[in-house]
Amino acid sequence: MGKEIKKGTKGSAAEYYTRSQAIRKLQVSLVDFRRLCILKGIYPREPKKKFKGADKTYYHRKDIQYLLHDQLLEKFQAIKAHMKKHKRAVVRGEDALAKSLLKNKPTYSLHYILKERYPTFPDALRDLDDALTLLCLFASFPTHETLSIPQEQIVDCQRLVAEFYLYVILTQSLNKSFLSIKGIYYQATILGVPITWVQPYKFTQKLPFDVDYKIMLSFCEFYQALLKFVNFKLYKDAALDYPPPVLSSLNLGAAAVFSLVQPFVRQTQGLLRSRQAAEEEGLAVNKSLEQFRNFRFFLNRETPVYSLEFILLSAGCQIGFSGEGSPFDETAEGITHQVVDRPLATEAMSNRDYIQPQWVYDCLNHEIILPTAQYAPGKILPPHLSPFVDSRKEGYVPTREKEINQLKGVEEEPMEDADEDVESSESEEQEEEKGAPSKNVDEDFTDEENEEKNKQKVMKIKKQIAKENKELGKLLMTKKVRKLYSKMQTGEKVKHEKIKKLEAKRRKAEPKK
């Protein structure tokens, strides 16, 4: 008889802890446990066998052992003990002692965690997408006492995001931008790493009460440390002062921030370009940004100035806007483009183009200065295409994209028919249903007709051979590979149906001639 195995010493029970077991092991509260896991990058696991039930959350035993020996756990326990002393002093009425204890509260640093989680700088850049999105969200939040969102944290988020935006402007790293319902998408390439994030529109925010803001604040705390480290490294590598002195005296919550420091921006952009030219390291600058450099824009007050100035200053052009601090007003000479988002209240000037904001985003995404006639005030705008979708890969190229390709002089390559098998099988089934054509037909054809008929016969034979080879290939497949192949065919069929729906939708939307 074999040795009896004690319960919980082997298998999933020995490799995993439930959340309640992990909390008892670490001797912390649930709030501190969540915070500790967020800061250290520990996430729940899915064991093959859920020994305590499917409704439990499981953590790997090695992860909990890793947290057990971390210095951050000791700091949390020290803070908890210190706050107990503070609470006792308040209850006893010892105000001076309570004030002193609150002032000398223990602190902790996240620098060592950043070094652990990001061994190299490109690793930190690759994880910057979520960090920028969350910090942009917090930068737009109002102060809320009930939800415990401190004003200091909001101001810090605004400062860090503004520093990153200023770096993107100075190095002209912006590639793409897209206006969506969620917010404004941006993509910048820094040191060869594409970074994509979302900035919310600057509307009045109404914070819902059914969201756990303590978890969001824990993520925000870590991302603040991450972005501060990234900003410091980027500025120092570019031989720029950090923190940038030009932002110290500005109201970072205002609509136009970077437009107020245009002389510094143009001077630094020229300096960085000349330095990189001397080092023979070409900037990967968007082509349309280079063409924007000779333009002079005026932004009306109803336009999204905070977004347009970010894009246009990345191109190195001059900007004026409605408000205090603008370098020139609406009547100034030399303005090439005026961005408006309402019907013109005054008579249009003949020496400038009046455009809607979408023109700027489309020019950036398609790397071409588009004609302004379609973007004139009051006109129905053309479709705003997402630069993050590969139309050729999706199998459907919109009409607007074809028009822009013609303007760019790009020859359209024939699309690879991903669903060729689906279409050919459908057509073959239809032919079988109709039946073979009768051979008793008058064959008094000309030479050209005979040649065309022979070509059709050859094509039909080739298709038949291809079909037979495909069926033979299916027979030689293993059961597993055959199932995988059928799933692929189903996916292609769904994609084909989706393309058909899009084409039908386009035909319906097109005006009837």
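Colleague: Which strands form the hairpin with 2 residues between them?

Modeller: This is a predicted model. In it, β4 and β5 make that hairpin, with 2 residues between the strands. Leucine 191 sits in the turn and has a positive phi of about 55 degrees.

Colleague: Where is leucine 191 placed, and is leucine 191 buried or exposed?

Modeller: Leucine 191 lies in the loop between β4 and β5. Its relative accessible area is 59%, so leucine 191 counts as exposed. Note the residue type too: the positive phi falls on a residue other than glycine.

Colleague: In what sense do β4 and β5 pair, and over how many bridges?

Modeller: The general idea comes first. Strands of a sheet pair through backbone hydrogen bonds, either parallel or antiparallel. Here β4, residues 184-190, pairs with β5 in the antiparallel sense, over 7 bridges. Tyrosine 185 has valine 198 of β5 as its bridge partner. Isoleucine 184 stands opposite glutamine 199 in β5.

Colleague: What is the strand order of the open sheet of 3 strands?

Modeller: The order is β3-β4-β5, and the pairing is antiparallel. β3 (174-179) and β5 (193-199) are the edge strands, each pairing on one side only. On average, neighbouring strands are turned by 15 degrees against each other, direction ignored.

Colleague: What lies in the loop between α10 and β3?

Modeller: Glutamine 172 is found there. Its phi is near 55 degrees, a positive value in a residue other than glycine. Glutamine 172 is buried, with a relative accessible area of 2%. Leucine 191, by contrast, is exposed.

Colleague: Now the 4-strand sheet. Is its pairing parallel or antiparallel?

Modeller: The pairing is parallel. This open sheet runs in the order β7-β6-β8-β9. The edges are β7 (318-321) and β9 (353-355), and each pairs on one side only. The twist averages 25 degrees from one strand to the next.

Colleague: Over how many bridges do β8 and β9 pair?

Modeller: Strand β8, residues 337-339, pairs with β9 over 3 bridges, in the parallel sense. Valine 339 has isoleucine 355 in β9 as its bridge partner.

Colleague: Which strands does helix α14 lie across?

Modeller: α14, residues 305-314, lies across β6 (296-299), β7 and β8. The helix runs at about 175 degrees to β6.

Colleague: Let us turn to helices. Which residues of α3 are buried?

Modeller: Start with helix geometry. An α-helix has 3.6 residues a turn, so residues three or four places apart point the same way. In α3, residues 30-40, the buried residues are Asp32, Phe33, Leu36, Cys37, Ile38, Leu39 and Lys40. Their cover includes α2 (19-26), β2 (58-60), α4 (61-68), α5 (71-92), α7 (111-117) and α11 (213-237). Glycine 41 follows α3, with a positive phi near 75 degrees.

Colleague: At what angle do the axes of α3 and α4 cross?

Modeller: They cross at roughly 95 degrees and come within 12 Å. That makes α3 roughly perpendicular to α4. From α3, the contact uses Phe33, Leu36, Cys37 and Lys40. From α4, it uses Ile64, Tyr66 and Leu67. By class, this contact has 6 nonpolar, no polar and 1 charged residues.

Colleague: Cysteine 37 is in that contact. How many disulfides are found in the whole structure?

Modeller: The search finds 0. Cysteine 37 is buried, at 6% relative accessible area. Cysteine 363 is also buried, at 0%.

Colleague: Which residues does a cis peptide bond join?

Modeller: It joins tyrosine 242 and proline 243, with omega about -5 degrees. Proline 243 is in the loop between α11 and α12 (262-278).

Colleague: Finally, the whole chain. How many helices and strands are there?

Modeller: The chain has 20 helices and 9 strands. Of its 513 residues, 37% are buried. Take the contacts with a separation of 6 or more: residues 24 or more positions apart account for 63% of them.

Terms used: Residues are numbered from 1 along each chain as its sequence is written. This is a predicted model: local features need pLDDT of at least 70, side-chain atom pairs count only at pLDDT 80 or more; totals for chains, interfaces and linings use all residues. Side-chain values use heavy atoms; hydrogens and water are left out. Two strands pair if DSSP finds at least two bridges between them. Axes are lines fitted to C-alpha atoms, for helices over the stretch in contact, and angles run from 0 to 180 degrees between N-to-C directions. Buried means under 20% relative accessible area, exposed over 50%, partly exposed in between (1.4 Å probe, protein chains only). Contact means heavy atoms within 4.5 Å. Angles under 35 degrees count as roughly parallel, over 145 as roughly antiparallel, 65 to 115 as roughly perpendicular and the rest as oblique. Ala, Val, Leu, Ile, Met, Phe, Trp, Tyr, Cys and Pro count as nonpolar, Asp, Glu, Lys and Arg as charged, and the others, Gly among them, as polar. A disulfide is a pair of cysteine sulfur atoms within 2.5 Å.
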